[in-house]
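Here are my notes on the model you sent over. Have it open beside you as you read.

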Amino acid sequence: ERERLKRLLHVPARTLDGVGVTLHANIELPEEAEAALAAGAAGVGLFRSEFLFMGRRDLPGEDEQYEAYRTAVLGMRGAPVTIRTLDVGADKTLDGAEGQVSLNPALGQRAIRYCLAEPEMFSVQLRAILRASAHGTVRLLIPMLAHHHEIEQTLRLLDIARAHLRGRGQAFDERMAVGGMIEVPAAALSAGLFVRRLDFLSIGTNDLIQYTLAIDRADHTVASLYDPFHPAVLRLISMAIRAGRRAGKPVSVCGEMAGDHTATRLLLGMGLDTFSMHPASLLRVKQQVLLSDVSQLAIKVGRMLNSDDPVRVRAALARLREEPG
Ligand code: PEP
Ligand code: MG
């Protein structure tokens, strides 16, 4: 089986009906970029920048961040690298951070909320990411969006960061793409509005499931209720994909669901064409892509999404996984 999968490494990820699918890797350290490329990733769809900030009491400076991001960019040799801005709070705490601990950290000041509350710290990261964009194809990704004004504020800070770098005479990619994560139900429901100000969307199913079902990702007592295939979750994912497609903007899924080969055909049927996952899952997902006919899947998945009955949805999903095409 492993040998069979290995043979798929250089096979293009294309469906039976000729739809090209992009398979990206999720990484957490800049040094992982090269391995991701070797594992068959066409780019990095999610570089979690938290690693730079965690397990220390001080904050990484602009040069330190720039060097880390550049390492990832050079490691991908021209392939795109999607750098997500700092996503701390909830399960990822910053050691040096002072201030009040939220009673419900997952609903508190995490990710983009934290960054916008600390604009100086955030601007250091934005400048570092912009500078790394001079060395390859960098895409910036904003986590945990819930409000349109969070996009506006981030874009304003980015404009200031660009002006700052111009003043210093430092190079960056003027056309660096800026995307947003769909991880909160409000964002999935507002995806059509959000995408007007963004270049791409990336669906973070881990958090989208958590927030849709009100299940703490880290709480074992409710783990059995954490259901990626809950009809409400599937509808929100599908809604975000459609909003992106209607606007002609790329949409990917970068949560665990993208690397779950039992969900590949479902996501293809929803119209998804970019998947970002742990590099170890790439070939198994590609194997599913090669066996799939998107036009057929779209009909079956469309029918499935009309039902809000979890038992029917489960049965339809099982059929989807077993039937050819
Ligand atoms: C997600 O929420 O699906 C995601 C990719 O982000 P993280 O797992 O880092 O919260
Ligand atoms: Mg997340």
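1. Start with what sits over helix α12: the cover on its buried residues includes α1 (2–6), β1 (22–27), α11 (264–269) and β8 (274–277). Cover here goes by contact, meaning C-beta atoms, placed from the backbone, that lie within 7 Å. Helices (H or I, at least four residues) and strands (E, at least two) are DSSP runs, numbered from the N terminus.

2. Which residues of α12 (residues 282–290) are buried? They are Leu 282, Leu 283, Val 285, Lys 286, Gln 288 and Val 289. A residue is called buried if 20 or more other C-beta atoms, placed from the backbone, lie within 10 Å of its own.

3. Before going on, keep in mind that this is a predicted model: local features need pLDDT of at least 70, side-chain atom pairs count only at pLDDT 80 or more, and totals for chains, interfaces and linings use all residues. Residues are numbered from 1 along each chain as its sequence is written, while chains are lettered from A and ligands numbered from 1 in the order in which they are written.

4. An unreviewed UniProt entry lists Glu 183 and Asp 207 under "binding site". They are spread over 25 residues of sequence, yet they cluster in space, with a largest C-alpha distance of 5.2 Å. Bear in mind that such annotations may be inferred rather than shown by experiment.

5. Look at Glu 183 in the loop between β5 (177–182) and α7 (185–189). Why does Glu 183 count as buried? Because 28 other C-beta atoms lie within 10 Å. Leaving aside neighbours within four places in sequence, Glu 183 is in contact with Pro 143, Met 144, Gly 204, Asp 207, Leu 208 and Tyr 211.

6. Asp 207, for its part, belongs to helix α9 (residues 205–213). Asp 207 is buried too, because it has 23 other C-beta atoms within 10 Å.

7. Next, ligand 1. Around it you'll find Leu 46, Arg 48, Asp 87, Glu 183, Gly 204, Thr 205, Asn 206, Asp 207, Cys 254 and Gly 255, going by C-beta atoms, placed from the backbone, within 6 Å of it. Two or more residues of this shell come from each of β2 (44–48) and α9, and α9 gives the largest share, 3 residues. By class, the shell has 2 nonpolar, 4 polar and 4 charged residues. Ala, Val, Leu, Ile, Met, Phe, Trp, Tyr, Cys and Pro count as nonpolar, Asp, Glu, Lys and Arg as charged, and the others, Gly among them, as polar.

Definitions and conventions. A residue is buried if 20 or more other C-beta atoms lie within 10 Å of its own, exposed if 12 or fewer, and partly exposed in between; C-beta atoms are placed from the backbone. Two residues are in contact if their C-beta atoms, placed from the backbone, lie within 7 Å.
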